[in-house]
2 protein chains.
Amino acid sequence: MHEGYACHALSVDYGQRHVAELSAAARLAAALGAREHRIARLDASIFQGSALTDAAVAVPLDGGPAGIPVTYVPARNTILLSLALGWAEVLDAQQLFIGANAVDYSGYPDCRPGYLRAFEAMANLATKAALEGRRIAVRAPLIDLPKAEIVRRALALGVDPAMTVSCYQADDEGRACGRCDACRIRRAGFETAGIADTTRYREAR
Amino acid sequence: MHEGYACHALSVDYGQRHVAELSAAARLAAALGAREHRIARLDASIFQGSALTDAAVAVPLDGGPAGIPVTYVPARNTILLSLALGWAEVLDAQQLFIGANAVDYSGYPDCRPGYLRAFEAMANLATKAALEGRRIAVRAPLIDLPKAEIVRRALALGVDPAMTVSCYQADDEGRACGRCDACRIRRAGFETAGIADTTRYREAR
């Protein structure tokens with residue numbers, strides 16, 4: 001929004017364990033002045049085997065094995081961006097923003113800049129707008145920022161970190177476990193930035 | 001399946017008017033020996049303004065204006081293929097088939113071969129399988145066939161056209177209106193092929 005766009009925010013309820021991120025997104029969108037916030041609901045039965053959606057698979061705590069983590073959700077960013085692309089066509093929007101970050105999360109193929117460029121190229125062949133000459137840009141302003149810089153940027157833009165949810169198994173109030181990969185990397189970001197971590201944890205640490 | 005693949009069939013319930021295509025797909029998948037058939041459900045509230053999903057927009061009958069038809073659904077094939085890509089990763093499948101056809105439906109940007117190639121390129125950057133060297137192919141065997149040839153091909157492969165639904169406003173029993181673009185183009189395919197049209201219409205013609 002600080003670039004002057006009217007912001008239409010989209011969240012997707014795909015059966016994620018950390019459903020608290022949806023209400024957090026709604027609160028943040030309202031607090032930051034988004035034009036609207038919508039939640040698209042997707043039956044998650046075709047997503048099996050990810051720790052983020054399958055209750056039978058545990059979220060790794062205190063650091064897991066190397067490689068692609070079990071919290072990887074098949075084709076998630078492709079599905080999220082595709083839904084956003086559909087809505088963008090309805091709105092006649094030409095800038096799609098996604099919060100993907102490539103630095104700390106090695107191992108997620110769909111967080112890489114090359115992937116996002118390929119999605120953008122596809123999007124510009126997919127849409128009525130593109131046929132009519134209105135190009136769509138896929139923007140990931142956080143893609144190459146270290147977490148410490150993301151923390152600084154959030155504070156500079158007036159985003160209260162305590163309102164955000166990163167934890168893979170946040171409780172219904174959005175309180176973080178403090179131990180999953182998302183929590184560990186986020187906490188390290190605050191530490192590196194030298195900024196007090198205002199994240200709401202389930203237990204005092 | 002005639003190429004030797006185990007077929008896992010996916011339909012998407014995105015609030016389409018012609019919901020009869022979902023039960024038709026289930027019956028066909030069973031009749032033709034698919035390993036399984038699933039229906040993914042997607043909240044369609046972000047799709048507005050298409051005659052296929054918005055009850056306030058009429059399906060054009062007896063031929064509509066030139067250009068992109070109002071039955072175009074924003075980013076539909078991108079969303080369908082993205083969901084299929086997610087399921088393909090779960091199944092470790094490497095061939096994605098879609099029934100897109102570019103010949104008769106000029107005007108749908110996401111039915112063009114160039115679009116499908118761009119989706120395939122994106123898919124091969126998006127997935128864990130691709131990172132591990134297992135390429136995904138997006139196949140559209142009907143893409144450049146005239147409708148008459150599709151009718152012939154269906155009969156040769158043992159598909160009963162009476163079991164299929166093309167109509168944009170088929171009734172709950174899957175009976176066709178005979179007047180929308182999909183019906184008109186389909187009927188012309190039977191006529192060109194010189195094959196009796198076994199489509200079930202709502203009224204005798």
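The model is predicted, so local features need pLDDT of at least 70 and side-chain atom pairs count only at pLDDT 80 or more, while totals for chains, interfaces and linings use all residues. Residues are numbered from 1 along each chain as its sequence is written, with chains lettered from A and ligands numbered from 1 in the order in which they are written.

**Exercise 1.** Determine how chain A is related to chain B.

*Solution.* Step 1: superpose the copies by least squares on the C-alpha atoms of residues with pLDDT of at least 70 in both. A rotation of 180° with 0.0 Å of shift along its axis brings chain A onto chain B, at RMSD 0.0 Å. Step 2: the two copies are thus related as by a two-fold rotation axis. Step 3: A:Leu42 is the residue of chain A that comes closest to this axis, its C-alpha lying at 2.3 Å.

**Exercise 2.** Describe the crossing of H3(A) and H3(B).

*Solution.* Step 1: helices are DSSP runs of H or I with at least four residues, numbered from the N terminus. Helix H3 spans residues 113–126 in chain A and in chain B; the two axes come within 8 Å and cross at roughly 160°. Axes are lines fitted to C-alpha atoms over the stretch in contact, and angles run from 0 to 180 degrees between N-to-C directions. Step 2: H3(A) and H3(B) are therefore roughly antiparallel, the term for angles over 145 degrees. Step 3: their crossing is left-handed, meaning that the near helix is turned anticlockwise from the far one by less than a right angle.

Conventions
Helices (H or I, at least four residues) and strands (E, at least two) are DSSP runs, numbered from the N terminus. Angles under 35 degrees count as roughly parallel, over 145 as roughly antiparallel, 65 to 115 as roughly perpendicular and the rest as oblique.
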